[in-house]
Amino acid sequence: MLDRFLVTAEASDVEPVICINKLDLAKFENVQRELSLYEELGYKVVYTSIVTGVGVEELREVMQDRISAIVGSSGVGKSSLLNVVQPGLRLRTGEVDTRIHKGRHTTTEVMLLPLEFGGFVADTPGIRTLGLLEIDEEQGLDIHFPEMRSYIPECKFAACTHQHEPACAVKRAIETGNISPDRYESYLRISGFKEGRYERNTDKRKTDRNTRRRKR
Ligand SMILES: Nc1nc2c(ncn2[C@@H]2O[C@H](COP(=O)(O)OP(=O)(O)OP(=O)(O)O)[C@@H](O)[C@H]2O)c(=O)[nH]1
Ligand SMILES: [Mg+2]
Ligand SMILES: [Zn+2]
């Protein structure tokens, strides 16, 4: 999900900032270890908690004098965070379902909110899955993975998809440990999703129809 958000941001020329909320529920060292890959890739990561107040000032600095949007799954605390970042907003927040550990889709519409310290921020409803990406066919998906960029011109084939082609510099970089296998896995999933192979999760009926058509 995070990689999908990052690719979407990269493809839309939006500067992404990763915000890890509810830090009070985890051990900072463990969370930071998980996120170190993204910091190495050059993404800004802000760690926050509305319980301890950590990171709130940093989040304000990120939002100041810009138009931004806060996005993520339901229940991660987007509206709660904005209430703390900008006192007085009084956005509705909702308890997470303790049985399924998921939010209850409390925010139902996008709202652009003015910030007293400068700028605007959009609170958005939590999303379950990030749908098909509008990726420029000619540009490809790979360039939206910053760690792949320098290897792409080194592939033998100009139109290399870094999947089954020989002499692929991206795959070589994975073998030598210069590209994270997890991120490559995301790349495969997202490109597969785009080609319809992962559609079954979001639109089962359509996939069934396609499968049937193919069999005929
Ligand atoms: N422990 C803890 N709980 C938090 C924190 N931030 C938010 N919460 C709680 O998480 C729950 C969900 O918060 P919301 O702000 O409604 O989450 P949301 O991301 O806006 O959810 P949707 O509007 O459904 O997308 C609420 O019960 C909040 O009190 C935090 O930093 N720590
Ligand atoms: Mg909300
Ligand atoms: Zn390649």
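**Entry 1: Leu35**

I started with Leu35, which is buried, with a relative accessible area of 7%. I note here that the model is a predicted one. Buried stands for a relative accessible area under 20%, so the 7% of Leu35 falls within the term. I found Leu35 in helix H2, which covers residues 28-40. Next I listed what Leu35 touches, not counting residues up to four places away in sequence: Leu2, Ile18, Ile20, Val45 and Tyr47. I took one of these, Val45, and looked up its C-alpha distance to Leu35, which is 7.8 Å. The two residues are 10 apart along the chain.

**Entry 2: the chain as a whole**

I then stepped back to the chain. Its secondary structure comes to 7 helices and 5 strands. Read along the sequence, I get the pattern α-β-α-β-α-β-α-β-β-α-α-α. The chain has 216 residues, and buried residues make up 38% of them. I also looked up the contacts between residues at least 6 apart in sequence: 56% of these join residues at least 24 apart.

**Entry 3: the sheet of E3, E5 and E4**

In which order do the strands of the open sheet lie? I read the order as E3-E5-E4, with 3 strands and mixed pairing. The edge strands are E3 (67-70) and E4 (111-114), and each of them pairs on one side only. On average, neighbouring strands of this sheet are turned by 30° against each other, direction ignored.

I went through the two pairings in turn. E3 and E5 (residues 120-123) run parallel and are joined by 4 bridges. E4 and E5 run antiparallel, and 4 bridges join them as well. I followed Ala122 in E5 to both sides. Ala122 is the bridge partner of Ala69, and Leu112 stands opposite Ala122 too.

E4 and E5 form a hairpin with 5 residues between them. In the turn I noted Gly118, which has a positive phi of about 110°.

**Entry 4: helix H4**

Is helix H4 mostly covered or mostly open? I found that H4 is mostly covered, with 6 of its 8 residues buried. H4 takes in residues 78-85 and lies across E3, E4 and E5, running at about 155° to E5. I wrote down the buried residues: Lys78, Ser79, Ser80, Leu81, Leu82 and Val85. What covers them includes strand E1 (17-20), helix H3 (56-63), E3, E4 and E5.

**Entry 5: the magnesium ion**

Which residues coordinate the magnesium ion, ligand 2? I found Ser79, through OG, and Thr107, through OG1, at 2.0 to 2.1 Å. Ser79 lies in helix H4 and Thr107 in the loop between H4 and E4, so the pair ties together parts that are 28 residues apart in sequence. I checked the accessibility of both residues, and Ser79 and Thr107 are buried.

**Entry 6: ligand 1**

I turned to ligand 1, which 24 residues surround. The closest are Asp24, Ser74, Lys78, Ser80 and Thr107. Thr107 had already come up as one of the residues that coordinate the magnesium ion.

For Ser74, a polar side-chain atom lies 2.6 Å from an oxygen atom of ligand 1. For Lys78, an N or O atom of the side chain is 2.8 Å from an oxygen atom of ligand 1. For Lys22, the corresponding distance to an oxygen atom of ligand 1 is 3.0 Å.

**Entry 7: Thr48**

Thr48 is buried, with a relative accessible area of 0%. Leaving aside its neighbours within four places in sequence, I counted as its contacts Cys19, Ile20, Asn21, Lys22, Leu23, Val54, Gly55, Val56, Leu59 and Leu81. Lys22 in this list is the residue noted beside ligand 1, and Leu81 is one of the buried residues of H4.

**Entry 8: Glu95**

Is Glu95 buried or exposed? I found Glu95 exposed, with a relative accessible area of 65%. Last, I looked up the C-alpha atoms of Glu95 and Gly77, which are separated by 9.6 Å. These two residues are 18 apart along the chain.

Notes. Residues are numbered from 1 along each chain as its sequence is written. Chains are lettered from A and ligands numbered from 1 in the order in which they are written. This is a predicted model: local features need pLDDT of at least 70, side-chain atom pairs count only at pLDDT 80 or more; totals for chains, interfaces and linings use all residues. Side-chain values use heavy atoms; hydrogens and water are left out. Two strands pair if DSSP finds at least two bridges between them. Helices (H or I, at least four residues) and strands (E, at least two) are DSSP runs, numbered from the N terminus. Axes are lines fitted to C-alpha atoms, for helices over the stretch in contact, and angles run from 0 to 180 degrees between N-to-C directions. Contact means heavy atoms within 4.5 Å. Buried means under 20% relative accessible area, exposed over 50%, partly exposed in between (1.4 Å probe, protein chains only). Donors are N, O and S atoms within 2.8 Å of the metal (3.2 Å for Na, K and Ca); water is not among the atoms, so sites may look incomplete. A residue is near a molecule or strand if one of its heavy atoms lies within 4 Å of it. A polar contact is a pair of N or O atoms within 3.5 Å; within protein, one must be able to donate a hydrogen and the other to accept it, and residues adjacent in sequence count only if both atoms are side-chain atoms.
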